[in-house]
Amino acid sequence: MNAARSFKKYFARKHLLHIYTNKIKPSGAIGLDRIKPARLDTRLGEELDLIIRKVHQGTYRFTAYKEKLILKGVTSLPRQISIPTARDRIVLRALCDCLAEVYPSAKLPLPQEVINDLKAAVKSEKYAEYATIDLKNFYPSIPHSLVRTTIWKKVRKRELRSLIEAAITTPTVPEPKGKKDTPDSTFGVPQGLAISNLLAEIALQDIDSTFKTRPSIWYKRYVDDIIILAPEGQVKTVADELITALKKLGLNPHDFGPDSKSKVAPLTEPFSFLGYRVEGGEIIIRNESILRFESSIAKIFTAYRHRVATARSKEDLERARAYCEWKLNLRITGCYFDNKRRGWASYFSQITSTRQLRSVNHTIRKLTQRFALDGHIKTKSLIKTFYELRRGSAGSHTYIPNLDDLDIDQKRALLAIWIGDEAKKRSDQHVERLFLIKVTKAIKELEEDIAHTS
């Protein structure tokens, strides 16, 4: 669609209100202004008026993003995540919707779809070698000039350009320091924004298209991970050419070497991609991904033990067990929420062997016994979840909960696990709001299980 028409459509009051109500208000993320998103309710009309006026004048400026550091291990620097204020998140989500309509091909496919294509390519026996290429510090290394040259070709509306420019140049700062004396960013796309993935995909569309259309090879880039399959004797030449092209764009791919994250090898050697592992003709789960999932399961049991230690009545104990059972089964099966499949089992639904799932099931049984819950809670199965995911859509079965389809009584009953009899006293409107907050937090925890799959 034309960028100017999309801009007008997505920065209209009706759409901004929809974004706030459905995407921003339920979230607990707090920016540098320390204002909870739900608190915008009291002055929402004024905030939307300000957004509309300044965006359409081309004068909207973002508050500095609050820095959150995600640890990646003792050998790596932490990943810097940028957290905008609630008002800025409304603007960034609208900007994302706008650019997604202008650049429909830039939307990231589901990882499962990519793995399914990879599985078919490996099975085809057309290829004898692979190359994996890793981009160092991907988002922080994307030059602003690359974003401008690619997007400005299609986006000519001055106000939209101004908004994109403001989004990528706003600095990310530690909360105690604030914006004071911090210059604007001159390099990189901030991670964690609604538009981060989309801007990166748009910036690299041309080079992706060039290598995707190469005859005789299979090519895929997913964020900062690249894989190439090729017939014998060809993959190194293609990979070297790609690395050269990426460097010309200002990016930093790892060169090939003994200890490099980039690698060339015959397809008979195992390799990992997006948390999966291709080994001996099978598609399985990388061991690190299993360990991370088992660790998250163990934390649920540990949290249960703490709840039991503070229980003051039989009702408190029963609620602790009910909460442990619900949370454990949600972790095992995942769920359908916001019209999407969520969870670890869904992410790894493209495996060709279930032996690892059986092993994790055994671990869960052992933990259930260790924490004296055997006979008190009923745990679901990763094996059954796997086959249910293969069987059909959200409406075709009940084993995997569909949180979009719960009525108000079911939501109230689920809330009672969290807050007890208080759930019976709350109004339907309050139940809806609190349910959305609690479920959004639970979904975020599910996504942490697959947050570092590359």
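**Serine 216 is partly exposed, at 41% relative accessibility.** Here buried means under 20% relative accessible area, exposed means over 50%, and partly exposed is in between, with a 1.4 Å probe and protein chains only. This is a predicted model, in which local features need pLDDT of at least 70 and side-chain atom pairs count only at pLDDT 80 or more, while totals for chains, interfaces and linings use all residues. Residues are numbered from 1 along each chain as its sequence is written, and side-chain values use heavy atoms, leaving out hydrogens and water. To find Serine 216, look in the loop between helix H10 (205-212) and strand E5 (218-222). Helices (H or I, at least four residues) and strands (E, at least two) are DSSP runs, numbered from the N terminus. The phi of serine 216 is near 80 degrees, a positive value in a residue other than glycine.

**Valine 223 is a residue other than glycine with a positive phi, near 60 degrees.** Follow the chain to the loop between E5 and strand E6 (225-230), where valine 223 is found. Is valine 223 buried or exposed? Its relative accessible area is 15%, so valine 223 is buried.

A compact globule of 454 residues would have a radius of gyration near 22 Å, and the protein chain, at 24 Å, agrees with that. The radius is taken over C-alpha atoms, and the globule rule is 2.2 Å times the number of residues to the power 0.38. Along the principal axes, the C-alpha atoms fill a box of roughly 65 × 60 × 40 Å. Buried residues account for 48% of the 454 residues. Contact means heavy atoms within 4.5 Å; among contacts between residues at least 6 apart in sequence, 73% join residues at least 24 apart. The protein chain carries 79 positive and 53 negative side chains, and the centres of the two sets lie 3 Å apart. In this tally, Lys and Arg count as positive and Asp and Glu as negative, while His and the chain ends are not counted. Each charge is placed at NZ of Lys, CZ of Arg, CG of Asp or CD of Glu.

**Helix H8 (residues 158-169) is largely enclosed by the rest of the structure, because 9 of its 12 residues are buried.** Which residues of H8 are buried? They are Glu159, Leu160, Ser162, Leu163, Ile164, Ala166, Ala167, Ile168 and Thr169. Their cover includes helix H1 (3-10), helix H3 (44-57), strand E1 (65-70), H4, helix H7 (144-151) and helix H9 (196-203). The end C-alpha atoms of H8 are 16 Å apart, in agreement with the 16 Å that its 12 residues should span at 1.5 Å a residue. The expected span of a helix is 1.5 Å times one less than its number of residues.

**Helix H4 (residues 86-102) reaches 25 Å from its first C-alpha to its last, close to the expected 24 Å.** H4 is largely enclosed by the rest of the structure, because 14 of its 17 residues are buried. Leucine 110 sits in the loop between H4 and helix H5 (111-123) and is partly exposed, at 49% relative accessibility. The C-alpha atoms of leucine 110 and tyrosine 222 are separated by 9.8 Å, although these residues are 112 apart along the chain.

**Lysine 68 is found in strand E1.** With 36% relative accessibility, lysine 68 counts as partly exposed. Leaving aside neighbours within four places in sequence, lysine 68 is in contact with Arg79, Gln80, Ile81, Ile83 and Lys444. For isoleucine 81, 13 residues from lysine 68 along the chain, the C-alpha separation is 5.0 Å.

**Threonine 333 lies in helix H13 (residues 314-333).** What is the relative accessible area of threonine 333? The value is 1%, so threonine 333 is buried. Not counting residues up to four places away in sequence, threonine 333 touches Arg342, Lys380, Thr385, Tyr399, Ile400 and Pro401. Other buried residues of H13 include Tyr323, Cys324 and Trp326. Just after H13, glycine 334 takes a positive phi of about 70 degrees.

**Histidine 254 is found in the loop between helix H11 (235-248) and strand E7 (263-266).** Histidine 254 counts as buried, with 19% relative accessibility. Not counting residues up to four places away in sequence, its partners are Asp134, Lys136, Ile243, Ser260, Lys261 and Ser262.
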